[in-house]
Amino acid sequence: MTLMSRFSSRLDVTSGTIDMTHGSGGRATAQLVSEVFARHFDNPILAAGNDGAAFDVPAGRLVMSTDGHVISPLFFPGGNIGCLAVHGTINDVAMLGARPLHLAAGFIIEEGFPLADLDKIAASMAAAAQEAGVPIVTGDTKVVEKGKGDGVFITTSGVGIVPPGIDISGANAQPGDKIILSGSIGDHGIAILSKRANLEFDTEIKSDTAALHELVAHMIAQVPQIHCLRDPTRGGLGTTLNELAQQSRVGMRLREAAIAIKNDVRAACELLGLDPLYIANEGKLIAICPAEHADRLLAAMRAHPLGREAEIIGDVVADSNAFVQMETHFGGNRIIDWLSGEQLPRIC
Amino acid sequence: MKYVDEYRDGGLARKLAATISREANTGRTYNIMEFCGGHTHAIFRYGVQDLMPENVRFVHGPGCPVCVLPIGRIDNAIELAEKHGAIVCSYGDMMRVPASERRSLIKAKAEGADIRMVYSIRDALKIARETPDREVVFFAIGFETTTPPTAVAIKEARAARLKNFSIFCNHVLTPAAVAHILSSPEVKDHRTVAIDGFLGPSHVSSVIGSRPYEAAARDFQRPVVIAGFEPLDVMQATLMVIRQLNEGRYEVENEYFRVVTRDGNRKAQALVAEVLELRETFEWRGLGEVPLSALRIRDAYAEFDAEERFSIATRKVKDAKSCECPSILRGAKRPTDCKLFGRTCTPENPIGSCMVSSEGACAAYWTYGRFRFGTEGRALDRAKEAVQ
């Protein structure tokens, strides 16, 4: 708080806007960092005021991950770009079996962006980091001219430590393994679509954005033999399973009946001509483990609030083509291919 | 989900499949052309072909609005943006369709042309209202399903006295295409393409009704059954076609009676007739010039006709060499018969239009059916190559 005295007047976070001076590296930048970011992210490592963060790490394998967030709209039902940026990177670190330790955040802000919105976003990031117990310990701020950004872009990076004896990778799936999904799919993508400027529709669906590291820690404690973990974000469940199949050089067989999709999500997808298998999620994970541990893992997941609706959705099979196939509700079979291009509604 | 799950019931599907197997005469083959890409999509997405006996085969028809648009018309749309500086508004499906010289709307956009993806013609009207100093052109494509919204937009534009809005009209008509396919030499004379009956369009027929197919069914002696886009609709309509063939009938029947009537939506028809009129002829990819098969904007509304406004000249452009889209659109070949399929032509890198649109036969084969290709020759190897 003593820092405040360096500036002649406080930032106007009610009606002020970002201008080019906030990115100049001078006093205005320092004030923005101090009165928005440092104020919300408040922690001793950040408060040290260095260009980087120094901290002790426990022994083990260090995991590092980074994720750029360019979402539109910035505010959506169930969250905003701020908490999403925190959850996204925590999850990427956690999907390697690591316990996330610290985050870094880089902001690229467009000239004219309302300070009130930036303040809201920073507050949301701080709350998400606090709740997850993973502080934001360093960061960077840049400002670009109006028209050269889309409000604000946030890149977060994170580090974490993998406990000894854990080897989780997308390349570890084996024929015979079971595939478990932690809950219903498509919530995040549909929540976002419902607020897109040219596509507004009413829905109760909220983004599922959530930090999954505690669920992962709980799963690993119960079943250290987990082979793969991944969160089906952009590209949805369909694309993520193809990534895993490709990486592990295996095939997959899914049962459509086991894949949970909320009615509102299904309805919105029907209306828009989209396939929920390719809609983004931000608070779900796929776990692949040996069949003999699957029931124990499923029970462990269901015991955690973020895995209550977990289901075994299919099996890993030997297949040199690395095809992901699904037995449909209807009784037929279909390939679940990679998403190509963007999903588009049909015309006729 | 009400009104959807009922039409995707696996139990009913198995019962229907058993009935089809029982009634399909083992002494013959039933070649049934599903006209619409929507049907093709349902067949693949739900695995309907798996439930059919060997001798019931689906022949994929030309009912994909993106696929049948000739390359010259896409060149025209790019020209509207690049040469005339217009904001060209297009459905997303059109964006990646290859134009001449390996260009496309999406490439032109990346190079600076103002081409915008919209979900409906209303979005284009909105853009026109919001940017009065720019010309805004809507790239209208589609069968009869999308013609009423075009007519409404033109009337709205006139009422709002919009001076900067026009439509590049490429609407095509279904019954003309059905008749054209049936009168082509490969179906009629040489019989190299076997089409025993049709699954008729669903959404299109909700506008035009089932009556317009009656002449084709009678003249060419082929049963037509209007079918919805849900998998049980497709199966029920298939059974109805089989029954007609077994009984030697060739009538227009309506499986999709929950939506389609014999006369269709008369209000929509009147609206379309007021604003649009028949073209003497129009080029279709795959079918060539088809007389009386497309619509243009009437002279009374010429101010909203981009072809008039910007003096757009018709361009004839040849399809890519060895691309089999034209034959595939006529039902003469299957996607897996094409040398490019899955090799140089994939949804990520389409050579022909049928691989671009989600309603295209090649895209449906590729997206939902890749694993089947083992039974169709070399294609499995291609699929393997593509994966590696």
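How many residues of chain A are in contact with how many residues of chain B? On the chain A side there are 27, and they meet 44 residues of chain B; contact here takes C-beta atoms, placed from the backbone, within 7 Å of each other.

## What you're looking at

This is a predicted model, in which local features need pLDDT of at least 70, side-chain atom pairs count only at pLDDT 80 or more, and totals for chains, interfaces and linings use all residues. Residues are numbered from 1 along each chain as its sequence is written, while chains are lettered from A and ligands numbered from 1 in the order in which they are written.

For the complex, the predictor reports an ipTM of 0.80 along with a pTM of 0.87. Chain B has a mean pLDDT (the predictor's confidence in each residue, from 0 to 100) of 91, and 95% of its residues reach 70 or more. The stretch to watch is 374–388 of chain B, where pLDDT is below 50; beyond near neighbours in sequence, it has 18 contacts in the model. Where pLDDT is low, the predicted coordinates should not be read in detail.

## Where chain A meets chain B

Helix H8 (263–272) and strand S13 (333–335) of chain A each put at least two residues into the side of chain A that touches chain B. H8(A) gives the most, with four residues. Helices (H or I, at least four residues) and strands (E, at least two) are DSSP runs, numbered from the N terminus.

By class, this side of chain A has eleven polar, ten nonpolar and six charged residues. For the bookkeeping, Ala, Val, Leu, Ile, Met, Phe, Trp, Tyr, Cys and Pro count as nonpolar, Asp, Glu, Lys and Arg as charged, and the others, Gly among them, as polar.

## Two domains in chain A

Chain A splits into domain 1 (12–162) and domain 2 (178–335), with bounds from an automatic or database domain assignment. Their centres, taken over C-alpha atoms, are 28 Å apart. Between these domains of chain A, 19 residues of domain 1 are in contact with 19 of domain 2.

On the domain 1 side, helix H3 (81–94), S4 and helix H4 (115–132) of chain A give two or more residues each. H3(A) has the largest share, seven residues. That side divides into twelve nonpolar, six polar and one charged.

## An open sheet and a hairpin

In chain A, four strands make an open sheet with mixed pairing, in the order S1-S6-S4-S5; strands pair if DSSP finds at least two bridges between them. Strand S1 (61–69) and strand S5 (136–144) of chain A are at the edges with a single partner strand each, so one side of each has no neighbour in the sheet. Inside the sheet, S4 (residues 99–110) and S6 (residues 152–162) of chain A pair in the antiparallel sense over ten bridges. Leu103(A) stands opposite Gly158(A) in S6(A).

Over in chain B, strands S11 (residues 281–284) and S12 (residues 288–291) run antiparallel, joined by four bridges. Thr281(B) sits opposite Pro291(B) in S12(B). S11(B) and S12(B) form a hairpin with three residues between them, and Gly286(B) in the turn has a positive phi of about 95 degrees.

## A look at Thr21(A)

Thr21(A) lies in the segment before helix H1 (27–41) of chain A. Leaving out residues up to four places away in sequence, Thr21(A) touches Gly26(A) and Ala28(A).

How values were computed. Contact = placed C-beta atoms within 7 Å.
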